[in-house]
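Subject: Structure for your review

Dear colleague,

Please find below the sequence and structure that I am handing over to you. My findings follow, arranged by helix and then by loop.

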Amino acid sequence: AFFLRALAYSNIMRAYGGVVLVSEPYELDSDFLSIQRSTLDETVDFILADLAQAISLLPKENDQGRATKGAAAALKSRVLSWCTGELMNGGYEGSNPLVSFQSGSRTTRLEAAKAAAKDVMNGTYGSYGLTGTTDDPPAVLTEEDVQKYATDFYSTFIQQGEWNNE
């Protein structure tokens, strides 16, 4: 649930900036007029906290169709990479806390994004790789070559038995 909430909030944040953060259910008689959007800084902190929870709770091994530590860590890397953009770092409305960071530096965010991506690539959260061959195709493809590439591509999505590490 933490992973899914972080995924949903990250998609909304990338489109609109700071969002209304909800961590507890509302009551029917709640005052919905008093609810305010959070700043971009608060939104990113909330998403990263959810991802830290998800990473600590999710399994490391691949299970078809389910989130893993690696998926949560990859989302963390994606969110942190988005945070390094020029627009969010004062390039659009620098004084508006809903769409621009008011604290920290772009360099610090770049270093955090780099570290998060490196953790995923180094296998800290699981071992991932491509299925099939990564070699360049021959200059002239025979019908047999085309069929082999088509079968490899198809089998990536329609798998039987043990799930692969892609």
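This is a predicted model: local features need pLDDT of at least 70, side-chain atom pairs count only at pLDDT 80 or more; totals for chains, interfaces and linings use all residues.

**Helix H2 and its partner H1**

H2 runs over residues 40-57. Its 18 residues reach 26 Å from the first C-alpha to the last, which is close to the 26 Å expected at 1.5 Å a residue. The residues of H2 that count as buried are Leu40, Asp41, Thr43, Val44, Phe46, Ile47, Asp50, Leu51, Ala54 and Ile55. In general, an α-helix has 3.6 residues a turn, so residues three or four places apart point the same way.

How do H1 and H2 lie relative to each other, at what angle and how far apart? Helix H1 comprises residues 2-16, and the two helices pack at an angle of about 155°, with their axes 8 Å apart. Because angles over 145 degrees count as roughly antiparallel, H1 is roughly antiparallel to H2. The crossing of H1 over H2 is left-handed.

On the H1 side, the residues in this contact are Phe2, Phe3, Arg5, Ala6, Tyr9, Ser10 and Met13. They meet Leu40, Thr43, Val44, Phe46, Ile47, Asp50, Leu51, Gln53, Ala54 and Leu57 of H2. Sorted by class, the contact of H1 with H2 contains 12 nonpolar, 3 polar and 2 charged residues.

Helix H3 covers residues 69-82. It has 14 residues and extends 20 Å from its first C-alpha to its last, close to the 20 Å expected at 1.5 Å a residue. Its buried residues are Lys69, Gly70, Ala72, Ala73, Leu75, Ser77, Val79, Leu80 and Trp82. These buried residues pack against H1, H2 and helix H4, which spans 106-121.

The axes of H3 and H4 come within 8 Å and cross at roughly 160°. H3 and H4 are therefore roughly antiparallel to each other, and H3 passes H4 in a left-handed crossing. From H3, Ala73, Ala74, Lys76, Ser77, Leu80 and Ser81 take part; from H4, Arg109, Ala112, Ala113, Ala116, Ala117 and Val120 do. By class, the contact of H3 with H4 has 8 nonpolar, 2 polar and 2 charged residues.

**Two loop residues**

Is Val19 buried or exposed? Val19 is located in the loop between H1 and H2. Its relative accessibility is 6%, so Val19 counts as buried, the cut-off being under 20%. Setting aside its neighbours within four places in sequence, Val19 is in contact with Tyr9, Ile12, Met13, Arg37, Ser38 and Thr43. The C-alpha atom of Val19 is separated by 9.8 Å from that of Val44, and these two residues are 25 residues apart along the chain.

The other residue is Val99, in the loop between H3 and H4. With a relative accessible area of 22%, Val99 is partly exposed. Not counting residues up to four places away in sequence, Val99 touches Tyr16, Leu40, Leu87, Met88, Tyr92 and Glu93. Which distance separates Val99 from Gly18, C-alpha to C-alpha? Val99 and Gly18 are 6.4 Å apart in space, although they are 81 residues apart in sequence.

Yours sincerely,
A colleague

Methods. Residues are numbered from 1 along each chain as its sequence is written. Side-chain values use heavy atoms; hydrogens and water are left out. Axes are lines fitted to C-alpha atoms, for helices over the stretch in contact, and angles run from 0 to 180 degrees between N-to-C directions. Helices (H or I, at least four residues) and strands (E, at least two) are DSSP runs, numbered from the N terminus. Angles under 35 degrees count as roughly parallel, over 145 as roughly antiparallel, 65 to 115 as roughly perpendicular and the rest as oblique. A crossing is left-handed if the near helix is turned anticlockwise from the far one by less than a right angle, and right-handed if clockwise. Contact means heavy atoms within 4.5 Å. Ala, Val, Leu, Ile, Met, Phe, Trp, Tyr, Cys and Pro count as nonpolar, Asp, Glu, Lys and Arg as charged, and the others, Gly among them, as polar. The expected span of a helix is 1.5 Å times one less than its number of residues. Buried means under 20% relative accessible area, exposed over 50%, partly exposed in between (1.4 Å probe, protein chains only).
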